[in-house]
Amino acid sequence: TFLALSPIESCTSIGIVNCLKATINKVGLDLCNLDGIGTDNASAMVGINNGVYQLLKKEIPGLILIRCVCHSIQLAVSAAAKIAFPRNLEFLISETYNWFSNSPKRLGDYKSLYNTINDGLDPKKIIKSCDTRWLSVSPAVRRIDNQWLELKTHFGIARLSERCYKAELLHEMYNDDTNKAYIMFLIPILDQVERLNFSFESNQPDPTILLDDITMVIKSLVNRICLPAKNIDPFEGNIETALDPKPYLGHKFENKLKEMRQNNFHPE
């Protein structure tokens with residue numbers, strides 16, 4: 001049941017705890033009866049030294065912390081992308097949207113080009129991405145992948161007609177097969193994790209099904225990169241001992257790699 005909406009005087013962990021205590025006391029509840037708290041993963045809430053949870057736990061030793069699973073999945077995907085992907089991918093996604101966002105003329109030029117290439121069909125709108133939150137940019141990544149040829153052609157024309165450095169830079173990026181390969185690699189993984197995220201966002205989830213869903217996704221991701229014969233348990237074993245030196249990373253991605261090798265692209 002919704003209890004209260006209370007103003008916070010200080011947006012620190014101490015300020016949040018003081019506000020929580022004051023609200024609980026105001027309605028006549030006992031803080032010691034608090035079993036657990038559910039929160040996102042902000043440092044003010046879950047910081048190991050002075051987060052809200054740690055401050056409350058000093059008074060309630062058995063307090064349980066339930067982190068937001070959706071937020072945790074988002075952080076995991078973003079952290080992996082930060083380690084593994086070149087920063088120019090984020091630039092490609094965000095600046096493709098920005099290029100069209102406030103220019104009806106550019107949108108019109110692109111629509112005409114798309115109609116010509118696709119026998120009169122209209123393009124789907126390029127979607128805005130949300131900073132570096134990779135789960136949030138999943139729809140934008142798919143949309144760009146589906147219109148890669150048309151976007152590459154458009155920026156090739158725009159760099160000459162507008163004499164714009166950004167258009168030239170974007171054209172070079174769309175001309176780079178490495179970027180296309182990264183996008184092809186990303187899409188099936190983002191789709192899979194996005195579906196998991198939607199499961200946890202549902203209004204009436206079944207906890208047992210959610211456990212199966214998250215377990216299946218983890219095992220599926222591990223199976224992509226590990227040797228099948230090893231039959232490793234990702235929750236118990238060390239997956240680094242079972243890595244496949246030549247993993248199969250999806251039909252579209254593997255076909256792209258084959259095409260790149262035929263064009264004398266560097267094997268690594």
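1. Within α1, the buried residues, where buried means under 20% relative accessible area, exposed over 50% and partly exposed in between (1.4 Å probe, protein chains only), are S13, G15, V17, C19, T23 and I24. The cover over these buried residues includes α2 (43–46) and α3 (52–59), with contact taken as heavy atoms within 4.5 Å.

2. As to provenance, this is a predicted model, in which local features need pLDDT of at least 70 and side-chain atom pairs count only at pLDDT 80 or more, while totals for chains, interfaces and linings use all residues. Residues are numbered from 1 along each chain as its sequence is written, and side-chain values use heavy atoms, with hydrogens and water left out.

3. Helix α1 has 14 residues and spans 20 Å from its first C-alpha to its last, close to the 20 Å expected at 1.5 Å a residue, the expected span being 1.5 Å times one less than the number of residues. Just after α1, G28 adopts a positive phi of about 80°.

4. V27 sits in the loop between α1 (13–26) and β1 (36–39), and V27 is partly exposed, at a relative accessible area of 42%. Together with L3 and L29, V27 forms a nonpolar surface patch with about 270 Å² of accessible area; patch members have over 30% relative accessible area and no salt bridge, with like charges joined within 9 Å and nonpolar side chains (Val, Leu, Ile, Met, Phe, Trp, Tyr) within 5 Å. A salt bridge here is a side-chain nitrogen of Lys or Arg within 4 Å of a carboxyl oxygen of Asp or Glu.

5. The protein has twelve helices and two strands, assigned as DSSP runs (helices H or I, at least four residues; strands E, at least two) and numbered from the N terminus.

6. The radius of gyration, taken over C-alpha atoms, is 24 Å, whereas a compact globule of 268 residues would have a value near 18 Å by the rule of 2.2 Å times the number of residues to the power 0.38. Along the principal axes, the C-alpha atoms fill a box of roughly 70 × 55 × 35 Å, and 34% of the 268 residues count as buried.

7. E254, in helix α12 (residues 251–262), is buried, with a relative accessible area of 18%. Leaving aside neighbours within four places in sequence, E254 is in contact with P247, Y248 and L249. E254 and F185 are 69 residues apart in sequence, yet 8.8 Å apart in space, C-alpha to C-alpha.

Terms used
Accessible areas come from the Shrake-Rupley method with a 1.4 Å probe; for residues, only the protein chains shown count as cover.
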